[in-house]
Amino acid sequence: MRKNIVAGNWKMNTTVPEGVALAKEVNEALKGADKKCDVVICVPFTHLVSVADVIDQNVLGLGAENCADHKSGAYTGEVSAPMVASTGAKYVILGHSERRQYYGETAETLREKVALALENGLTPIFCIGEVLEERENGTYNEVVKAQIVDALFNLSAEDFGKLVLAYEPVWAIGTGKTATAEQAEDMHAHIRAVIAEKYGKEVADNTSILYGGSCKPSNAAELFAKPNVDGGLIGGAALKCADFMGIVNAF
Ligand code: PGA
């Protein structure tokens with residue numbers, strides 16, 4: 001059965017000492033908690049080794065926010081999937097809308113990244129989601145389907161089964177404007193149907209689909225109560241332990 005997961009996406013926030021302190025605080029808070037979901041933090045590359053040192057990954061999983069589309073070589077400034085895996089991290093966010101929008105990530109580069117992540121034992125948290133114009137002109141279901149088909153449907157059913165998906169409507173990210181629980185549920189059900197069409201019902205039923213976009217303690221419970229919403233990918237609210245724990249405890 002699919003897992004419930006709450007994953008933090010710290011983005012480009014915190015220095016190493018600040019990040020280590022936040023990770024420790026979250027790890028401590030989780031130790032005593034009766035949590036009903038897996039909890040993960042995805043942190044900047046520079047933080048991975050130090051954070052891995054201070055958390056118990058049986059309690060709090062660790063991930064990166066990206067990885068390169070090549071294994072090694074002359075790619076100045078890039079960080080490869082084997083490098084991420086060597087820090088002890090187990091997850092990697094791929095295809096975040098900020099990477100697609102500001103760094104030109106395409107389905108083609110994402111296929112390479114997903115393959116390298118899986119080869120190195122990392123669980124991709126693969127992001128999909130429409131922009132405001134596509135929400136307003138009613139093409140959002142097709143847009144999200146195309147993102148899945150183009151970047152992921154080259155995978156075998158076995159490999160697809162290793163992914164976590166995150167539906168993040170771009171218009172809801174960092175804007176304070178959350179999708180309604182109904183909008184999220186409709187899209188998550190659509191995504192599950194798209195997966196079922198290609199890989200069958202069992203793979204679809206076993207895929208965790210997280211919601212992301214201005215998720216906070218006050219709206220998490222309503223979102224997570226929907227049958228097809230299996231947790232959240234949390235940006236801003238992951239930067240304060242109390243807010244993040246409020247979301248974790250929404251399950
Ligand atoms: P937000 O970001 O929670 O700050 O809207 C979510 C994300 O981009 O993953």
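This is a predicted model: local features need pLDDT of at least 70, side-chain atom pairs count only at pLDDT 80 or more; totals for chains, interfaces and linings use all residues.
**Entry 1: the ligand**

I began with the residues around the ligand. There are 13 of them, and Lys-11, His-96, Glu-168, Gly-174 and Ser-214 come nearest. I sorted this shell by residue type and noted 4 nonpolar, 7 polar and 2 charged residues.

Next I looked up distances to oxygen atoms of the ligand. For Gly-174, a polar backbone atom is 2.7 Å from a ligand oxygen. For Lys-11, a polar atom of the side chain lies 2.8 Å from a ligand oxygen. For Asn-9, an N or O atom of the side chain is 3.3 Å from a ligand oxygen. I also wrote down the cover: on its own the ligand has 280 Å² of accessible area, and the protein covers 95% of that.

**Entry 2: two backbone angles**

Most residues other than glycine have a negative phi. Lys-11 has a positive phi, near 55 degrees, and is not a glycine. I found Lys-11 in the loop between strand E1 (5-9) and helix H1 (16-31).

Ser-214 also is not a glycine, and its phi is positive at about 55 degrees. Where does Ser-214 lie? I placed Ser-214 in the loop between strand E7 (209-212) and helix H11 (217-224).

**Entry 3: aromatic rings**

I counted aromatic pairs and got 6. A pair of rings is described by the distance of the centres and the angle of the planes. I took Phe-224 and Phe-251 as my example. Their ring centres are 4.5 Å apart and their planes meet at 15 degrees; planes under 30 degrees apart count as stacked, so I noted this pair as stacked.

The pair links distant parts of the chain, 27 residues apart. Phe-224 belongs to helix H11, while Phe-251 is in the segment after helix H12 (241-248). I looked up how far each residue is covered. Phe-224 has a relative accessible area of 6% and is buried. Phe-251 has 22% relative accessibility and counts as partly exposed.

I also found a cluster in which ring pairs link Phe-153, Phe-160 and Tyr-199.

**Entry 4: charges over rings**

I looked for charged side chains over rings. The charged end of Arg-135 sits over the ring of Tyr-140, at 3.6 Å from the ring centre. Lys-198 lies over the face of Tyr-199, 5.8 Å from the centre of the ring. Tyr-199 is already in my notes as a member of the ring cluster with Phe-153 and Phe-160.

**Entry 5: Arg-99 and Glu-105**

Which residue does the side chain of Arg-99 join in a polar contact? The partner is the side chain of Glu-105, at 3.2 Å.

Glu-105 is in the loop between H4 and helix H5 (107-119). With 9% relative accessibility, Glu-105 counts as buried. I also recorded a C-alpha to C-alpha distance of 8.5 Å between Arg-99 and Asn-66, which are 33 residues apart in sequence.

Methods: Residues are numbered from 1 along each chain as its sequence is written. Side-chain values use heavy atoms; hydrogens and water are left out. Helices (H or I, at least four residues) and strands (E, at least two) are DSSP runs, numbered from the N terminus. A residue is near a molecule or strand if one of its heavy atoms lies within 4 Å of it. A polar contact is a pair of N or O atoms within 3.5 Å; within protein, one must be able to donate a hydrogen and the other to accept it, and residues adjacent in sequence count only if both atoms are side-chain atoms. Accessible areas come from the Shrake-Rupley method with a 1.4 Å probe; for residues, only the protein chains shown count as cover. Ala, Val, Leu, Ile, Met, Phe, Trp, Tyr, Cys and Pro count as nonpolar, Asp, Glu, Lys and Arg as charged, and the others, Gly among them, as polar. Rings of Phe, Tyr and Trp (its six-membered ring) pair if their centres lie within 6.5 Å; planes under 30 degrees apart count as stacked, over 60 as edge-to-face and the rest as tilted. Buried means under 20% relative accessible area, exposed over 50%, partly exposed in between (1.4 Å probe, protein chains only). A charge sits over a ring if NZ of Lys or CZ of Arg is within 6 Å of the ring centre and within 35 degrees of the ring normal.
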